[in-house]
Amino acid sequence: MGLGVRAAPFTYVAHALAVAAAVMVLVWAIHFRGGLAIEATNKNLIFNVHPVLMLIGYIIIGSEAIMVYKVFPTLKHDTAKLVHLILHGIALVLGAVGIYFAFKNHNESGIANLYSLHSWLGIGTITLYGIQWIFGFVTFFFPGAAPNLRRSLLPWHILFGLFVYILALANAELGFLEKLTFLESSGLDKYGTEAFLVNFTALVVVLFGASVVVAAVAPARLEEPQGYAPIPEN
């Protein structure tokens, strides 16, 4: 049974929320946390690259890859598939770089690595994302599986992709919670502007992710045209 709604309105909402989330995380990192740096005496500036890249580079660009079929429903299928592949590849690379900066900050600050659920899920999620990308490339792009096999694997590719995406969103929420908890335990005002900004950013990311998921499973038109279908019913 279909949702009975078109994907387009949800893509509009998702894009508006993506802009809001990107602005909010940049304000947090630059205005409240002091800025971004690849190398710095203040190691916190190195860490600040992590949430920016993970949200804007990993989650938002990955979301654009998911929605490309619905944002441009009249785009040739092969072109949309290529854009989908490239955007996911960019998101994967930027996500890996974002994780690198978390490790760099920890190593240069004498902080232990991989001790929290957030870090465990982060490594697991980026690994699953990479597996999903390789699977999609080999099966649907080059060399490409037989048409019948591609049709049978497509629902599983979509389902697994949405699972990894939701896992990434959940881990982002853990990341906001973990960082804010550390800051508050170090003296940050629990009811101050920065604390509210972090919490509201996390809420916007939840709403953004929900909009993307609905856009992904809803048809581009109420009567889906031939070509890409979000989740085949049969």
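In this predicted model, the side chains of Lys 104 and Glu 39 meet in a salt bridge, with N and O 2.9 Å apart. The pair links distant parts of the chain. Lys 104 is buried, because its relative accessibility is 8%, under the 20% cut-off. Glu 39 is exposed, with a relative accessible area of 56%.

A salt bridge also joins Lys 43 and Glu 108, whose closest N and O atoms are 2.9 Å apart. This pair, too, links distant parts of the chain: Lys 43 is in helix α2, Glu 108 is in helix α4, and the two are 65 residues apart. Both residues are partly exposed, Lys 43 at 23% and Glu 108 at 34%. Salt bridges with shared partners join Glu 39, Lys 43, Lys 104 and Glu 108 into one network.

The structure holds 4 salt bridges. One of them pairs Arg 33 with Glu 194, and here the closest N and O atoms lie 2.7 Å apart. Arg 33 sits in the loop between α1 and α2, whereas Glu 194 sits in helix α7 (residues 193–217). The two are 161 residues apart, so the pair links distant parts of the chain. Arg 33 counts as partly exposed at 24% relative accessibility. Glu 194 counts as buried at 6%.

Helix α1 (residues 8–32) contains Met 24. Met 24 is buried, with a relative accessible area of 17%. Beyond its neighbours within four places in sequence, Met 24 is in contact with Leu 197, Phe 200, Thr 201 and Val 204. Ala 145 is 121 residues from Met 24 in sequence, and their C-alpha atoms are 42 Å apart.

His 88 is found in helix α4. His 88 counts as buried, because its relative accessibility is 13%. Its side chain makes a polar contact of 2.6 Å with the side chain of Tyr 129. Tyr 129 is also among the residues in contact with His 88 once neighbours within four places are set aside; the others are Gly 62, Ala 65, Ile 66 and Trp 133.

A nonpolar patch lies on the surface, formed by Leu 82, Ile 86, Ile 90, Phe 141 and Phe 142. Together these residues have about 450 Å² of accessible area. Helix α4 (residues 77–109) gives the most to the patch, with 3 residues. Phe 141 has its place in helix α5 (residues 117–141). At 36% relative accessibility, Phe 141 counts as partly exposed. Phe 163, in helix α6 (residues 147–185), is partly exposed as well, with a relative accessible area of 45%. Its C-alpha atom is 9.8 Å from that of Thr 125, 38 residues away along the chain.

An unreviewed UniProt entry places the feature "transmembrane region" at residues 12–32, 52–72, 84–103, 123–142, 154–176 and 196–218. Residues 123–142 are 95% helix and 0% strand, with end C-alpha atoms 27 Å apart. Residues 196–218 are 96% helix and 0% strand, and their end C-alpha atoms are 33 Å apart. The unreviewed UniProt entry also lists "domain: Cytochrome b561" at residues 13–217. That span is 83% helix and 0% strand, with its end C-alpha atoms 15 Å apart.

How values were computed:
Residues numbered from 1 in each chain as written. Predicted model: local features only at pLDDT ≥ 70, side-chain atom pairs only at ≥ 80, totals over all residues. Heavy atoms only, no water. Patch = residues over 30% accessible without salt bridge, like charges linked within 9 Å, V, L, I, M, F, W, Y side chains within 5 Å. Areas by Shrake-Rupley, 256 points an atom, 1.4 Å probe, with all protein chains shown as cover. Helix = DSSP H or I, 4+ residues; strand = E, 2+ residues; numbered from the N terminus. Buried < 20%, exposed > 50% of the residue type's maximum accessible area, 1.4 Å probe, protein only. UniProt positions renumbered as here; feature names shortened; annotations may be inferred. Polar contact = N/O pair within 3.5 Å; in protein donor to acceptor, adjacent residues only side chain to side chain. Contact = heavy atoms within 4.5 Å.
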